[in-house]
Structure formats: C-alpha cells, structure tokens
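Q: Hey, I've got a protein model open and I'd like to talk it through. Can you help me read it?

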Amino acid sequence: MKEIIIATKNAGKAKEFEHIFKPYNVRVKSLLDFEEMDDIVEDGKTFEENALIKARAIASQFNQMVLADDSGLEVDALDGRPGVYSARYAGEGRNDEDNILKVLHELEGVPTDERGARFVCALAIVTPQGDEVVVRGTCEGRILTECLGTEGFGYDPIFYLPHLSKTMAQLPKSEKNVLSHRADAFVKLQPYLEKLL
Ligand SMILES: O=P(O)(O)OP(=O)(O)OP(=O)(O)OC[C@H]1O[C@@H](n2cnc3c(O)ncnc32)[C@H](O)[C@@H]1O
Ligand SMILES: [Mg+2]
C-alpha cells in the first residue's frame, strides 16, 4: 500500500486528513507517529510558502511523498490577522483557547456585519522525485462573540457559517470535511494527487 506522510504535529489536522484520505488506498501517517521530530521554522510570508517549507523539510528526511498543510484565520476587521500567525497569535507556546480569546478581545464592539472572516488552507505536496505542487482553499464565515460547539479544533468554536446557522465546531467531521478550507484545497489537489499516487 502506498504511504503519505502529513507534515503536521497538529492532531486535529492529522485526524481530518485520515478521514479525507479514506476513499484512497493510502496509508496516512503524520509527524505524531514519529518520535522527537524537530520543530520546523515556519518563516514564510504566505500560507503557500509555509506549506512548501514544511513539506520540503520532511521530504528531505523521508524518502516518501509528503503533504503539508499551512492554514489559518483571516479576519476582515483585523486587516487579515491572525493570518500566517494564527498558531502563535497569543504568543509562542499558547493554546487554541488563548488564541480565540485574543481574537474575541480584539473584536469587542465590532458589529455583526463587520465580523467577516475566512479560513485559508494551503496544501503542498513534495515527492522524492522533486515534484512540487501547492494549492489554496478557503471557507467564508463570521466571528461570533463567544464559543459554540466542541467538534473540530483551533478557531472552529468562534467561526460561524451563516448558511448553516452553526459554527464549524458544531459540525460532525463528515460535514466539516466537505465544506472546510481544507476540503476546498484538497479538491484542487486531487488531479495532481491522482497522478502522483
Ligand atoms: O504546523 P503544523 O504542525 O501543521 O500545526 P499547526 O497547528 O502549527 O498549524 P499551522 O502552522 O498551519 O497553524 C494553523 C493555525 O490555524 C488554526 N486552524 C487551522 N485549520 C483550522 C481549522 O480547520 N479549524 C480551526 N482552526 C484551524 C490552527 O488551530 C492553528 O492555530
Ligand atoms: Mg505550525
């Protein structure tokens, strides 16, 4: 069976990719399956740059196809922040809850119709032969004033999908995985993936 390594230490992402790859006959591993992987410095200016940095770093250590995901939240009223800094918005070593509280604090007093936001996901594939592909997916929504729901991870509890009247954290993973930024990016990756697998 073919194997793909997802260059992530994020358990939420790893789980979503396991689900997304179900229709493929591929064994999916993440960096959580390997002990003591060094942290990769994500110093790109865009999601695409960071996804490629992560995919190349891991591809150089394993002789296997690698997929990396760099994602985050862009809030219109915050000029697109936290953007590529989404994982460390409240500071290095802080958690999802701290990041959420910082966004909510910065949006205090901002009316509903000005709370537009989107999730962005760049997916990069790097193969041992040196093939590289990178694509971007997005998902539009709005930032609530408090958390709702317990599914998903990261900023999901404050990310509201007006057409569903639910937050991303109120969706079962089967639903999130067809409409999320990650799902949108994955659809764009599929033609390449089918050639490479
Ligand atoms: O770099 P890796 O090891 O993949 O893991 P990470 O958590 O650091 O991932 P990123 O650098 O891509 O940062 C992504 C940030 O955006 C958040 N995020 C990404 N996808 C999300 C999703 O589907 N729902 C909610 N938040 C998400 C996530 O919680 C992080 O704070
Ligand atoms: Mg990261």
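Predicted model: local features only at pLDDT ≥ 70, side-chain atom pairs only at ≥ 80, totals over all residues.

Q: Okay, so is Asp70 buried or exposed?

A: Asp70 counts as buried, because it has 28 C-beta neighbours inside 10 Å and the cut-off is 20.

Q: Where does Asp70 sit?

A: You'll find Asp70 in strand 3, which covers residues 65-75.

Q: Which residues is Asp70 in contact with, leaving aside its neighbours within four places in sequence?

A: Those are Glu42, Phe47, Asn50, Ala51, Lys54 and Ala122.

Q: And what does UniProt say about Asp70?

A: An unreviewed UniProt entry has a "binding site" annotation that covers Asp70. That annotation may be inferred rather than shown by experiment.

Q: New topic: how many helices and strands are there?

A: The protein has 5 helices and 7 strands. Starting from the N terminus, the order is β-α-β-α-β-α-β-β-β-β-α-α.

Q: Let's take helix 1. Which of its residues are buried?

A: Helix 1 runs over residues 11-20, and Lys13, Glu16 and Phe17 are buried there.

Q: Why do they line one face of the helix?

A: If you look down the axis of helix 1, the buried residues fall within an arc of 100 degrees, so they line one face. As a general point, an α-helix has 3.6 residues a turn, so residues three or four places apart point the same way.

Q: What covers those buried residues of helix 1?

A: The cover includes strand 1 (2-6), strand 2 (26-30) and strand 3, along with helix 4 (173-179) and helix 5 (181-196).

Q: What about Pro172, is it buried or exposed?

A: Pro172 is exposed, because it has 9 other C-beta atoms within 10 Å and 12 or fewer counts as exposed. Pro172 lies in the loop between strand 7 (166-167) and helix 4. Its C-alpha atom is 9.7 Å from that of Thr150, although the two are 22 residues apart along the chain.

Q: Zooming out, what does the radius of gyration agree with?

A: It agrees with a compact globule: for 197 residues you'd expect a value near 16 Å, and the protein has 17 Å. The C-alpha trace spans about 50 × 30 × 25 Å along its principal axes.

Q: And what share of the 197 residues count as buried?

A: That's 36%. As for contacts between residues at least 6 apart in sequence, 58% join residues at least 24 apart.

Methods:
Residues numbered from 1 in each chain as written. Chains lettered and ligands numbered in written order. Helix = DSSP H or I, 4+ residues; strand = E, 2+ residues; numbered from the N terminus. Rg over C-alpha atoms; globule rule 2.2 N^0.38 Å. Contact = placed C-beta atoms within 7 Å. Arc of directions from axis to C-beta.
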